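Please walk through this structure with me. Keep the sequence and the 3D view open as you read.

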Amino acid sequence: MASRPRSYKAQKVIDRLGQKLNRQVVGSLAACVHCGMCTESCHYVLANPDDPTFAPAYKADRLRKLFKRHYDWTGRVLPWWVNAQSVYTDEELQELKDIVFGKCTNCRRCSVNCPMGVDFATFNRMARGLLVHVGIMPEGVAAVSKDQWEIGNQMGVLKEDYLETVEWMSDEVVDEMGDDKAAIPMDKKDVNIVYTINPREIKYDPRTIANAAKIFYAAGESWTMPSEGWDMTNFGLFSGDDDLGGAVARRVYDKVHDLNGKILVMSECGHGYRSTRCEGPNWAGYDIDFEMESSVVTMLRYIKEGRIRVDKSKNPGAFTYHDSCNFARSCGMFEEPRELLNLVTNDFREMYPNRAENYCCTGGGGAMSMAEYTPQRLKSAKVKADQLRATGAKYVVTSCHNCEDGLNDLIKHYKLDMEVTQLVNLVAEALIVDKKEAVAEVAAKAAPAAELAGYTILVVDDEPDMREFLTTVLEDNGATVLTAADGDLGLEMARTHKPDLMTLDLSMPGTDGAKVYETMRKEHDLKGIKVCVVTGKPELRKLIYDRDIQRPEGYLDKPIAEDSLLLNLRKILEVGSEKS
Amino acid sequence: MSESLLFAETTLQEVALAIMTVVYISRLIWWFRFKAGKERQPETGAPSTTKAKGIVYSWANILMPWAMESTRRRLFNYLQFVLFHVGVVAAIGLSFVIPYLPGLLEAAWLVTALQAAIGAAFVVGIYRILRRIARPVMRMISSPDDYFSLVLLTTWFAFAFLAVPNQWQQGETLLLVYFWITAFFLIYVPFSKISHYLYYPFTRYWFGKSMGYRGVYPIVHSHK
């Protein structure tokens with residue numbers, strides 16, 4: 001009988017599997033006894049109890065059957081007996097893609113619940129890598145990986161945007177502290193700490209940079225931010241691409257060497273911490289000769305050593321803590337964040353289960369960049385939503401930007417009355433500064449708010465409440481505000497008034513936000529208008545982000561906090577625009 | 001005792017064990033020809049968590065049903081696991097006791113204890129077969145080998161249970177069937193999922209080493 005033809009990509013995947021197998025992975029692939037004990041440890045299973053295809057063992061078998069068919073003698077001799085099976089077509093690879101990217105966040109919860117010590121998450125990541133090797137991956141993964149390869153960070157932030165944003169935050173800290181010495185150092189050599197961040201901080205949440213700077217300043221730290229190699233996140237962890245992982249990690253390590261830094265400190269990011277601190281040296285084949293730590297550890301040390309003082313009464317309210325899978329379950333960071341949280345807040349409420357048994361935020365493993373799986377992801381988030389709700393807390397703290405986005409999404413989806421924040425914000429808020437600085441801070445806070453004076457902003461949103469909220473906040477801060485209740489009117493007003501910025505809702509009757517945005521970017525006269533997407537439906541992001549057009553300058557989720565709105569719009573207006 | 005029973009109890013078992021050993025050794029050689037992953041990263045986690053502690057904890061995990069949520073919340077499954085594996089040890093032990101230490105079976109308490117262990121394992125085996133057939137998720141992940149291994153073991157338990165008194169004078173058929181199944185079992189094991197115990201020390205060693213190094217093992221429990 002003639003053998004079944006195999007596609008080029010399928011053959012490459014099989015060959016690559018052979019190259020990637022190591023002793024540990026082979027053990028995990030060979031040792032599963034299909035006992036089913038892992039099943040209920042997975043949040044996808046808990047949200048989809050009637051769909052057995054979400055079971056970790058089933059998902060793992062999609063790769064296991066390939067391994068058995070080609071690399072394990074039992075499967076080679078009697079394939080049907082052990083369910084060994086090869087792949088032949090690109091369609092089969094696409095199906096595998098939907099499983100390894102769309103039905104697993106690599107959270108490793110099943111791994112710690114397997115009696116045999118089978119590390120499902122590790123070989124799920126490997127399966128992703130095999131597919132990425134032949135170009136089969138969700139579009140979002142391809143886009144982010146490309147940005148990290150080419151531009152050096154996973155959000156495609158250009159160097160000038162990065163430098164301008166840091167400088168802007170630096171000015172803010174100097175103003176607030178009333179001291180030029182509070183400025184953020186850039187590329188300063190022979191420092192104690194080289195501070196690296198997540199590009200999300202530059203794009204959407206630069207306050208965390210300013211807050212970290214305040215803490216370093218208050219501690220009298222010798223530190224710097226690097227102009228290159230500043231992104232400690234690493235999409236190689238999510239895509240399974242060890243080459244990307246190694247290149248990104250090496251970029252960061254090399255910069256620490258260039259600057260002759262003693263400690264590489266990473267801001268609060270779970271996958272960034274794991275990639276840089278734990279996996280990066282393996283991927284890059286790099287023996288590290290400097291210390292690496294999370295900013296959580298740094299902040300905790302400052303307080304314990306008396307280098308900074310904090311007043312926990314400045315953070316009123318009930319707080320709970322979400323353990324990031326990468327930070328906690330894969331790197332053992334359990335107690336440090338809790339200790340710090342207890343030092344800067346009065347009412348900490350544990351979430352159950354927690355630490356190594358915590359449930360994923362459901363946005364991990366790069367899931368936030370895979371818009372096509374958003375409905376599935378949000379459905380699986382029910383278990384996390386129930387966990388959050390049960391704490392009765394108003395704030396959920398997490399040391400991970402990815403979790404912050406994932407949690408924000410599910411909080412909106414499940415209508416929880418909660419806010420997400422990070423420890424750096426709480427420590428900065430609780431910081432006790434000396435009298436002179438305090439006066440400066442009060443003076444800064446008391447300054448008249450006219451931050452958007454001189455700018456014209458067009459609000460395009462079909463919800464009257466949202467238009468009113470945005471109009472009020474923006475006008476109170478000096479902006480001239482125009483409003484449109486649908487996409488067509490928005491385009492017309494943009495053509496007529498040429499505003500400096502448009503806030504754009506995505507889900508609107510008639511011409512929706514995605515179409516409006518595409519028109520804006522194609523029409524010569526409208527190209528220069530900056531756009532901030534404001535949406536309550538994160539699953540619609542793909543309408544814009546999956547298109548081959550320049551991305552919008554900003555993105556905000558509804559509901560929006562007033563300070564976040566102002567900060568982000570100021571950043572868009574004052575700090576230049578994103579790359580094409 | 002007939003020649004055929006004597007052969008089944010001794011020579012046949014020795015040949016089966018030799019085959020099993022050869023296959024196991026070749027299996028280990030095959031496995032260890034894959035390169036070992038190397039961890040270059042600095043140690044993380046509190047000083048109370050080390051590689052060594054992680055390895056010991058990982059190995060001991062199976063004796064601590066409270067250690068993993070999957071066993072802690074499903075104690076019935078854990079109990080099944082214990083009974084099933086105690087039964088395996090008893091049935092294997094029986095294949096050595098009968099030919100080499102038959103005098104031990106003159107002790108009525110030992111016969112009762114072995115029958116209790118093997119009988120319980122048989123009941124669990126029946127339950128496991130039904131569970132694997134009845135639960136959609138178990139069906140989805142099961143291969144013919146999974147079913148066959150389970151049926152084989154359960155059948156073996158049944159004959160082992162009946163063979164425990166070692167009353168060959170009253171008929172050798174039960175004993176012959178038990179020893180022939182044992183021999184088949186020994187030869188089949190390295191090719192089947194039953195060989196998981198060969199992997200277990202290694203997979204748990206590596207997982208425990210990594211998790212200990214990274215400060216995750218021993219796990220701090222989170223239950224209220």
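Start at A:Arg108. Setting aside neighbours within four places in sequence, A:Arg108 is in contact (heavy atoms within 4.5 Å) with A:Asp119, A:Ala121, A:Thr122, A:Arg274, A:Arg329, A:Ser330, B:Phe207, B:Met211 and B:Arg214. This is a predicted model, in which local features need pLDDT of at least 70 and side-chain atom pairs pLDDT 80 or more, while totals for chains, interfaces and linings use all residues. Residues are numbered from 1 along each chain as its sequence is written, chains are lettered from A and ligands numbered from 1 in the order written, and side-chain values use heavy atoms, without hydrogens and water.

A:Arg108 sits in the loop between α6 (90-100) and α7 (109-112) of chain A. Helices here are DSSP runs of H or I with at least four residues, strands are runs of E with at least two, and both are numbered from the N terminus. A:Arg108 counts as buried, at 5% relative accessibility. Buried means under 20% relative accessible area, exposed means over 50%, and partly exposed lies in between (1.4 Å probe, protein chains only). Its side chain makes a polar contact with the side chain of A:Ser330, at 3.1 Å. A polar contact is a pair of N or O atoms within 3.5 Å; within protein, one must be able to donate a hydrogen and the other to accept it, and residues adjacent in sequence count only if both atoms are side-chain atoms.

B:Val216 touches A:Ser330, along with residues including A:Arg329, A:Cys331, A:Phe334 and B:Met211. B:Val216 lies in the segment after α10 of chain B. Its relative accessible area is 0%, so B:Val216 is buried.

Now take the whole interface. 63 residues of chain B are in contact with 68 residues of chain A. The area buried between the two chains is about 5600 Å², and carbon and sulfur atoms give 57% of that. Buried area is the accessible area (1.4 Å probe) that two parts lose on being put together, summed over both. In chain B, B:Arg40, B:Ile141 and B:Arg214 lose the most area to chain A, together 12% of what that side buries.

What charged pairing crosses between chain B and chain A? The rule finds seven salt bridges across this interface. A salt bridge is a side-chain nitrogen of Lys or Arg within 4 Å of a carboxyl oxygen of Asp or Glu. A:Glu357 and B:Arg72 meet in a salt bridge, at 2.9 Å from N to O. On the side of chain B that touches chain A, α10(B) gives the largest share, eight residues.

Other salt bridges lie within chain A. A:Lys214 pairs with A:Glu176 at 2.8 Å, N to O. That pair links distant parts of the chain: A:Lys214 is in helix α12 (residues 207-219) and A:Glu176 in helix α10 (residues 159-177), 38 residues apart. A:Lys214 is buried, at 9% relative accessible area.

Finish at helix α20 of chain A. A:Arg389 forms a salt bridge with A:Asp386, the closest N and O atoms being 3.1 Å apart. The two are three residues apart in the helix, so about one helical turn separates them. A:Arg389 is partly exposed, at 45% relative accessibility. By contrast, A:Val383, A:Leu388 and A:Thr391 are among the buried residues of this helix.
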